[in-house]
Amino acid sequence: MPTDAKFHPPVLPVRFLPVPRLHQRIAAVAGARIVCLVAPAGFGKSTTMAHQMAALAARAVGSCWINLDEADNDVERFLQHLTTALAAAHPAGASATAHASGRGQLLAMCNRLTHQSCDVALFFDDYHVIANPAVHELMDWLLAVSPVQLTLYIGSRSRIPLKLSRLRLCGGVADLGAADLSLTREETCAFMDVVGAGALDGADCGVLYERTEGWAAGLQLAAIALQNAADRERFIRDFSGSAHDIASYLMEAVLARLPPQVDQFMSRTALFDRFSGRLCQDALGLRDAPELIDWIAAHNLFLIPLDRRGESFRYHHLLGEYLRTRYLDADGAAARADYRAASHWCERAGENDEAIRYALAGDDSTRAVDLIAACVDELIRARAGFDTLLRWMSAVPYRLLAQRVQLRLTFIRSSIWNNRFEQAESALAELEYDLGSGPPVAGAAATLCTMEMLWCLLYAFQDKTALAASRSRAWLVRWGPSAQPSDIARAHIAIGYSAFVAHDYAVAEQSCQSAETFYAAADFYSGVVWTERFISIIRLEQGQAREAERVLAALYVANRDRLGADSMVSSHTGVHLAQAAYELDKIDAAAAALDSALTIPTDAVALAQGEGGVIPHGFGLLEDYMAAYLTRARLLCVQGQPGAADAVLANGVASALHCKQVRLARSLMAERIRLALRQDEVALAASHECALDAIDAVAGPAAHGRAEAEEVAVGIARIRLRLAQGGTDGGAIAARMQELSARARSQGRLRMLVKLLCLQARYHAARAEHEEAGAALHEALLIGEEGGLCRSIADEGEPVRAMVAGHGAWQSHARRRDVRLVSPDYLAQLLAACGAPAQHAPPEAPEPAAAPEAHALSPREVQVLKLAERGLANRELAALLFVSEGTVKWHLHNIFAKLAVRNRSGAVARARSLNLL
């Protein structure tokens with residue numbers, strides 16, 4: 001849809017009857033955050049909202065309108081339109097946040113609005129076309145993060161599926177239904193007079209009111225029919241039936257009196273959700289389209305302009321559906337020809353979604369498949385493009401897809417990367433059957449090669465690690481010498497991911513490096529980024545949070561510059577950058593990165609049968625989901641919202657079980673246990689353990705393991721609960737901690753080892769074994785300081801905080817002078833993360849803070865700092881460096897963090913003292 005039409009409200013008709021009752025009702029709930037207008041077609045929802053928008057404009061309230069359509073089920077497209085609309089309604093907030101994009105910009109605009117006194121309103125028309133839960137979740141998130149100055153007006157034919165229960169309790173929701181929007185008897189009489197029905201007495205108006213029950217569209221159709229009715233009294237007397245019957249009867253009465261040329265024009269143009277004079281002239285050959293459009297508008301025949309220039313139109317839904325059905329029934333061949341012509345026109349105009357939909361509607365499925373194939377590479381790079389690809393391919397006859405092997409392979413590969421495993425497995429099985437049972441096809445060997453590689457990748461991401469590794473190695477032996485570099489890279493990823501799940505990080509990293517080499521040979525940037533990102537995930541598990549964050553931050557900037565902020569690659573990188581930044585206690589940076597990556601609802605979500613998860617289904621792999629849920633929950637907990645944090649984790653568990661991701665469900669349930677214990681809710685934590693046992697029982701010990709093979713994170717959660725319950729079998733608990741510690745050491749999982757050592761320190765301290773407690777904590781602190789781990793220790797709560805506060809004294813003891821010491825700066829950092837004032841070691845054991853070394857700043861950061869020293873603005877820096885202003889701000893953010901300063905002048909002064917400038 002043209003941009004202007006997308007954000008243009010319907011023009012109020014010249015013959016318009018204001019209904020004070022309705023607008024007084026809206027004004028009475030001035031404090032509402034959301035106004036819901038829900039009623040069938042024809043009740044005046046759009047007109048009521050357009051009148052309200054005009055009334056707000058008269059009071060200088062910023063507002064914007066969004067005309068929704070089916071394509072807005074792509075969550076990133078919806079987000080783009082939402083951000084554009086808010087920017088139009090509140091330009092000051094948009095200009096101040098232009099450096100951000102996507103969710104990050106939307107959040108920044110909301111924050112900006114919070115500190116200003118102006119009110120803003122957004123209007124959403126035809127919300128009933130939205131069926132993607134991810135879009136509803138985005139709207140829920142917007143309501144949660146936006147200030148009270150923002151009001152949403154939503155018009156829909158069906159119930160609006162947002163989570164509004166809390167808002168309703170505090171009067172934040174205003175509901176207007178069909179009963180509210182229906183005209184009263186008095187309003188009916190006034191309406192019929194305004195729309196030109198001619199002189200009607202009270203009895204006739206009463207009959208029309210009773211038959212239509214105040215339905216505005218029915219009354220308007222009746223008025224048009226009455227203008228040319230030979231016997232007005234008989235027309236009114238015969239006027240009866242259901243709303244559908246009334247509409248059909250009235251439209252026949254109206255259309256029967258139209259000039260044939262106008263009737264034909266309206267029938268043909270009603271095929272399309274939206275049409276323009278140019279489409280009519282160029283595609284349909286209707287040279288007199290502008291004159292006909294003017295005639296229809298002048299005769300008030302339900303034509304709705306969609307832009308300010310009057311170039312794009314649609315009919316009222318009732319009339320459009322009636323005309324479309326009538327034309328298809330009367331002359332289906334001609335209607336399909338019109339669809340095909342419009343499809344070609346839309347393709348030339350770059351409107352791919354309409355081009356494909358119209359090609360399918362015109363029975364030109366072969367061409368529709370060609371169009372899909374031309375768009376597929378661009379689609380799969382977008383965060384929510386997979387939903388569009390799925391919608392298109394689902395509409396294509398299977399017989400045509402069966403002949404397009406490469407398109408099917410692309411679809412399968414996208415399904416795997418987007419966590420649609422059942423879909424991928426089904427499609428792979430169908431392709432395997434077709435290749436085995438059908439006639440020989442050209443390139444069968446290459447197809448078989450790629451298909452077998454995709455089986456390997458699927459097994460790996462389904463956690464069938466042994467099968468994935470063995471089949472991938474066999475694939476490399478059979479196909480490696482002749483396969484495409486990108487397929488060879490994916491085989492190495494299957495091996496590496498399987499090794500990662502088994503915590504064999506050496507093999508995982510080696511395989512990722514091999515995959516990176518082959519992706520680079522194939523010039524496949526997204527693949528190279530995937531391998532570098534995954535190596536950073538390994539580094540974080542190995543306790544190297546500082547290194548992981550450095551690499552991920554650089555990748556994040558590069559991804560956004562090269563692929564755009566809304567790409568799936570940027571989204572995944574943002575999630576893992578948030579996880580690493582959180583570990584380093586960079587709370588604001590972590591929240592900003594996560595907000596820019598995706599939306600995670602913080603209200604409990606009950607998944608109905610057949611619904612997807614609460615992170616947009618198709619977001620990514622299990623590690624992406626896990627990082628997103630855990631980081632969001634932990635951020636909320638740090639921000640003092642434990643209830644919202646638990647809701648996030650509960651949503652994640654429900655989503656994981658729905659997608660049959662048992663490993664994810666178990667990890668999130670373990671985090672729920674930890675969170676409950678942080679709130680001293682031991683009984684709740686015990687109930688979570690019962691839920692965890694139920695998950696294990698359903699999954700089966702053979703598939704996912706318990707006891708000896710239990711995941712370390714789950715084992716830690718169980719130990720925490722035993723200690724909180726005052727477990728009497730101290731020897732068994734200590735032995736279990738030693739066992740898990742040995743496993744974490746052997747696997748190189750230093751981040752997990754730090755948590756276990758903190759747990760051991762708590763255990764020993766509770767038993768007054770102070771030397772053992774100090775030694776366990778000391779080892780944890782040494783590991784943490786080396787890799788930059790902070791939250792893994794700080795999140796252990798008050799018992800560990802108290803031990804950290806006293807650790808300087810423990811180190812100063814004479815018997816500890818031969819032991820490597822933990823720096824006072826690191827202890828102060830941990831205490832600050834715990835929310836406590838820093839406590840320094842006694843004077844007899846001073847430890848100077850380590851100054852940042854010259855190599856702490858990258859060459860690019862030094863270059864940025866040198867330019868900043870000259871007093872250049874960010875925009876000038878960006879122009880000199882040939883990067884975006886957002887990239888400059890990210891570099892400055894990293895410089896400030898590394899030099900432990902808050903602003904440019906402090907950074908310059910610190911850099912000079914270190915001889916960096």
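Author: Gladly! Please keep in mind that this is a predicted model. Of its 917 residues, 56% count as buried. The protein has 50 helices and 8 strands, and its accessible surface comes to about 37,800 Å², with 53% of that belonging to carbon and sulfur atoms.

Reader: What makes His503 buried or exposed?

Author: Let us set the value against the cut-off. Buried means under 20% relative accessible area. His503 has a relative accessible area of 16%, so His503 is buried. You will find His503 in the loop between helix 28 (485–501) and helix 29 (505–521).

Reader: How do you know that the side chain of His503 makes a polar contact with the side chain of Arg749?

Author: A polar contact needs a pair of N or O atoms within 3.5 Å, and one must be able to donate a hydrogen while the other accepts it. For the side chains of His503 and Arg749 the value is 3.2 Å, and the pair is listed as a polar contact. Leaving aside neighbours within four places in sequence, His503 is in contact with Glu711, Gln747 and Arg749.

Reader: Why are strand 2 (62–67) and strand 5 (173–176) said to stand at the edges?

Author: Look at the order first: 5 strands form an open sheet, arranged 2-3-4-1-5, with parallel pairing. Strand 2 and strand 5 each have a single partner strand, so one side of each is left without a neighbour in the sheet. From one strand to the next, the twist averages 15 degrees.

Reader: How do you know that strand 2 and strand 3 (residues 120–125) are paired?

Author: Pairing requires at least two bridges. Here 6 bridges join strand 2 to strand 3, and the two run parallel. In one of them, Cys64 has Leu122 of strand 3 as its bridge partner.

Reader: Which strands does helix 3 (residues 45–58) lie across?

Author: Helix 3 lies across strand 1 (34–38), strand 2, strand 3 and strand 4 (150–156), running at about 165 degrees to strand 3. Helix 4 (residues 75–89) also packs on the sheet, touching strand 2, strand 3 and strand 4, and its direction makes about 140 degrees with that of strand 3.

Reader: What makes up the largest nonpolar core?

Author: That core has 87 residues, and Met266 and Phe272 are among those with the most contacts inside it. Beyond four places in sequence, Met266 touches residues including Leu258, Ile296 and Tyr315. A second, separate core of 76 residues includes Ile412 and Leu431.

Notes. Residues numbered from 1 in each chain as written. Predicted model: local features only at pLDDT ≥ 70, side-chain atom pairs only at ≥ 80, totals over all residues. Heavy atoms only, no water. Helix = DSSP H or I, 4+ residues; strand = E, 2+ residues; numbered from the N terminus. Axes fitted to C-alpha atoms, helices over the stretch in contact; angles between N-to-C directions. Contact = heavy atoms within 4.5 Å. Buried < 20%, exposed > 50% of the residue type's maximum accessible area, 1.4 Å probe, protein only. Areas by Shrake-Rupley, 256 points an atom, 1.4 Å probe, with all protein chains shown as cover. Core = buried A, V, L, I, M, F, W, Y, C linked by side-chain atoms within 4.5 Å.
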